[in-house]
Amino acid sequence: MLRRTFMAGTMLLAVGTGFSFAAEVELTAAEIETILAGNTIDGDWGGKYKQYFRDDGFTMYAPEGGAMDEGKWRVDADKNAYESWWASTGWTPYKVTRDGDTYYWHDKSGKYPFTVSEGKQLSW
């Protein structure tokens with residue numbers, strides 16, 4: 001009984017203070033494919049950028065104030081991972097998570113936020 005009272009009080013306190021129990025969740029391969037294919041992301045990875053993902057695995061990367069680059073992308077269904085290919089790096093896997101409307105790429109050095117917009121929107 002004491003435990004139930006404590007838990008109920010904790011929940012009421014969390015609701016009253018606006019604390020959220022929502023957590024960042026890892027996306028499945030199907031979810032990654034759905035959010036990227038045919039869409040553009042706005043992100044920040046050591047600088048602002050936009051990236052468009054064609055349905056056929058071609059991608060265009062446009063850093064703010066920099067030259068556009070072209071690469072490839074795919075999703076590994078066995079690992080629930082996004083993979084990108086650039087001439088300078090080859091294929092590189094990333095975990096993708098979501099917290100509300102913000103998504104994150106994850107690699108060994110950290111996580112990097114991005115949001116998704118419908119269609120091709122590479123202009124600044």
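Predicted model: local features only at pLDDT ≥ 70, side-chain atom pairs only at ≥ 80, totals over all residues.

Trainee: How much space lies in the largest pocket?

Mentor: About 260 Å³.

Trainee: And which residues line the largest pocket?

Mentor: Among them are Trp45, Tyr49, Gln51, Tyr82, Trp86 and Trp105. By class, the lining has seven nonpolar, four polar and one charged residues.

Trainee: Which strands supply at least two residues each of that lining?

Mentor: They are S3, residues 48–53, and S6, residues 81–86. S6 provides the largest share, with three residues.

Trainee: Changing topic, which residues touch the most other members in the largest nonpolar core?

Mentor: Leu36, Tyr82, Trp105 and Phe114 do, out of 17 residues in that core. Helix H2 (29–36) and strands S3, S5, S7, S8 and S9 each give two or more residues to this core. H2 gives the most, with four.

Trainee: What does the second core include?

Mentor: That separate core has five residues, including Tyr52, Phe58, Met60 and Ala62.

Trainee: One more point: is Lys50 buried or exposed?

Mentor: Lys50, which is found in strand S3, counts as buried because its relative accessibility is 13%, and buried means under 20%.

Trainee: What does the side chain of Lys50 make a polar contact with?

Mentor: The partner is the side chain of Asp42, at 3.1 Å.

Terms used: Residues numbered from 1 in each chain as written. Heavy atoms only, no water. 1 Å grid on protein atoms, 1.4 Å probe; cavity = no way out; pocket = protein on both sides within 12 Å on 5 of 7 lines; lining within 4 Å. Points joined across faces, edges and corners; volume = space filled by probe spheres on them. Nonpolar A, V, L, I, M, F, W, Y, C, P; charged D, E, K, R; others polar. Core = buried A, V, L, I, M, F, W, Y, C linked by side-chain atoms within 4.5 Å. Buried < 20%, exposed > 50% of the residue type's maximum accessible area, 1.4 Å probe, protein only. Polar contact = N/O pair within 3.5 Å; in protein donor to acceptor, adjacent residues only side chain to side chain.
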